[in-house]
Every structure is written in C-alpha cells, then in structure tokens.
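Please examine the sequence and the model shown below.

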Amino acid sequence: MKGFLIGLIVGLLLVPIGAVFYFHFGHPPVAVADPSFPMEQQVVHVPLNARIDAEAPKNAPIEPSPVNLQAGALIYRQQCAACHGLYPTASSFGGSMYPDAPQLWSPHGHGVVGVSDDPPGETFWKVDNGIRLTGMPSFRKILNPTQEWQVSLLLANADKPLPSDTLYLLQQPLYAQVTPPSSGSASATPAATTEGAK
Ligand code: HEC
C-alpha cells in the first residue's frame with residue numbers, strides 16, 4: 001500500500017515536471033510557420049462552438065435592407081477588410097496569420113461565400129466577443145450593436161446578389177495610392193498608406 005502511494009505521488013509529480021520541461025526545452029509550436037499541435041483545432045473549436053450555441057442571439061433586431069447592407073460594407077472596409085479581404089481581392093497578410101483570417105468574400109463550395117452559411121447571430125457573437133488567442137478582435141468597444149449587426153447581416157448575405165452601391169464599396173481597393181511628400185521624409189510613415197484606421 002505504501003509503495004503504491006509513493007508511486008502515485010511520484011507519478012502525479014512527474015506530470016507537471018514533464019510539462020515544465022516540455023515548455024522550456026521541447027520547442028512547442030510558437031511561430032506562425034510551426035506545424036499545429038495534434039487535435040489543436042478540436043481543442044479550440046469545440047468549446048468555442050458550445051459557447052456560441054449557448055449565447056448567440058437567435059434573431060437579428062434589424063433587417064438586411066439596402067441601407068443596412070451599405071452601412072455594413074462601409075464598416076467592413078474600415079474594420080475587417082485588412083484581414084478578411086475584399087470582393088474579390090484577398091488580404092495581403094490574412095493568410096499568413098495563425099490561425100489564418102478566412103477570406104470572407106471567397107466562395108468555397110456549395111454556393112457558400114465566406115460565412116454566408118452561418119446564422120447572422122453567430123457572426124454577431126464573434127464580432128462582439130472576438131476569438132481569444134487568434135487575431136480576431138472584439139469590436140464591442142469599437143462598434144455599437146447596430147453596426148455589429150449591419151456587418152454581420154452583410155456577411156450572412158455574401159452569397160446573394162447585393163445592391164450595386166454595396167458591391168461597389170466592396171470592390172474598391174483598400175489602400176489609397178499615395179506618394180510621399182517631396183520633402184524627402186519618405187520612409188518614416190508607412191501608416192500614411194492605410195485607410196480608415198481608428
Ligand atoms: C487583425 C485581423 C482581423 C480583423 C481586423 C478582423 N478579423 Fe475576423 N478573424 C480574424 C482571424 C485570424 C480569424 C480566425 C479565427 C479562428 O480561426 O478561430 C477571424 C475570424 C472571423 C470570423 C469567423 C470565420 C469562420 O470561418 O467561422 C468572422 C465571421 C469574422 N472574423 C468577422 C470579422 C468582422 C466582421 C470583422 C470586422 C468588424 C473582423 N472579423 C475583423 C482576424 C481578423
């Protein structure tokens with residue numbers, strides 16, 4: 001019995017000690033370019049989906065009217081397109097994130113475009129809360145709930161014909177072509193080329 005207890009205690013101690021060694025010396029994946037952990041997708045997505053199922057609002061409080069879709073497209077350009085791409089141009093760096101930022105105007109089988117197969121309440125939850133340990137921000141302090149619904153309804157309708165003014169907004173290039181002022185301080189301000197930064 002005594003031997004069993006000692007074995008049990010040593011066994012229990014080995015687990016945290018092993019974990020400390022692994023984190024220090026085992027080179028766990030930390031770079032975007034590293035391969036994923038076994039079951040990493042499941043570990044992250046199972047609890048995320050359970051939380052969304054429990055909390056996502058079932059009905060949108062506003063309609064996908066032309067006015068709301070156009071407002072959604074303006075918000076999308078300013079807050080989302082840098083990572084999630086435009087119609088039909090992909091983000092330059094969204095695919096180089098880990099996890100990557102899905103391109104929300106890309107068709108991907110069965111007529112689905114981006115997250116058009118997700119209920120708008122699910123997208124609203126993701127926009128409002130963000131997705132932890134990914135590049136997906138929480139927009140709760142950046143957009144008001146109506147704006148979050150407008151962009152969520154836009155994405156839910158990405159597979160349907162959109163009003164032409166909304167489509168126009170999604171088709172214009174994100175970055176304005178600017179030339180540096182002739183004073184010679186050309187390289188210091190790359191931020192000057194971005195549009196709509198808050
Ligand atoms: C800084 C980059 C970044 C910005 C800006 C950003 N996102 Fe994301 N977003 C991500 C990443 C990365 C993921 C992938 C998260 C994951 O795999 O769990 C993601 C995931 C999502 C998803 C889930 C996609 C899926 O396939 O289930 C939706 C919907 C979404 N974002 C919408 C938005 C909207 C709407 C905005 C703007 C209001 C926005 N995002 C702004 C990086 C970004």
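Which exposed residues does the face of α7 turned away from its buried side carry? They are Ser164 and Asp165. The structure is a predicted model, in which local features need pLDDT of at least 70 and side-chain atom pairs count only at pLDDT 80 or more, whereas totals for chains, interfaces and linings use all residues. Residues are numbered from 1 along each chain as its sequence is written.

Helix α7 comprises residues 164–171, and its buried residues are Thr166, Leu169 and Leu170. Seen down the axis of α7, these buried residues fall within an arc of 95°, so they line one face of the helix; the arc is that of the directions from the helix axis to the C-beta atoms. An α-helix has 3.6 residues a turn, so residues three or four places apart point the same way. The cover over the buried residues of α7 includes α3 (66–79). When residues up to four places away in sequence are not counted, Ala73 touches Leu154, Thr166, Leu169 and Leu170, where contact requires C-beta atoms, placed from the backbone, within 7 Å.

Ala73 also belongs to the largest nonpolar core, which has 28 residues; Ala73, Tyr76, Val151, Leu154 and Leu170 touch the most other members. Such a core is a set of buried Ala, Val, Leu, Ile, Met, Phe, Trp, Tyr and Cys residues joined through C-beta atoms within 7 Å. The elements that give two or more residues to this core are α3, α4, α5, α6 and α7, and the largest share, 6 residues, comes from α6.

The protein chain as a whole contains 7 helices and 0 strands, these being DSSP runs (H or I of at least four residues for helices, E of at least two for strands) numbered from the N terminus. Its radius of gyration is 23 Å, well over the 16 Å that the globule rule gives for 198 residues, so the chain is more spread out than a compact globule. That radius is taken over C-alpha atoms, and the rule is 2.2 Å times the number of residues to the power 0.38. The C-alpha trace spans about 80 × 55 × 35 Å along its principal axes, and buried residues make up 22% of the 198 residues.

Around the ligand there are 21 residues, of which Cys80, Cys83, Pro99, Gly135 and Met136 come nearest; a residue is near if its C-beta atom, placed from the backbone, lies within 6 Å of the molecule. Two or more residues of this shell come from each of α4 (81–84), α5 (120–129) and α6 (145–156).

Pro99 is found in the loop between α4 and α5, and a cis peptide bond joins Tyr98 to Pro99, with omega about -5°. Pro88 lies in the loop between α4 and α5, and the peptide bond from Tyr87 to Pro88 is cis, with omega near 5°. His110 lies in the loop between α4 and α5; its phi is near 55°, a positive value in a residue other than glycine. With 7 other C-beta atoms within 10 Å, His110 is exposed. In the loop between α5 and α6 lies Leu133, whose phi is near 60°, a positive value in a residue other than glycine.

Terms used: Buried ≥ 20, exposed ≤ 12 C-beta atoms within 10 Å, placed from the backbone. Contact = placed C-beta atoms within 7 Å.
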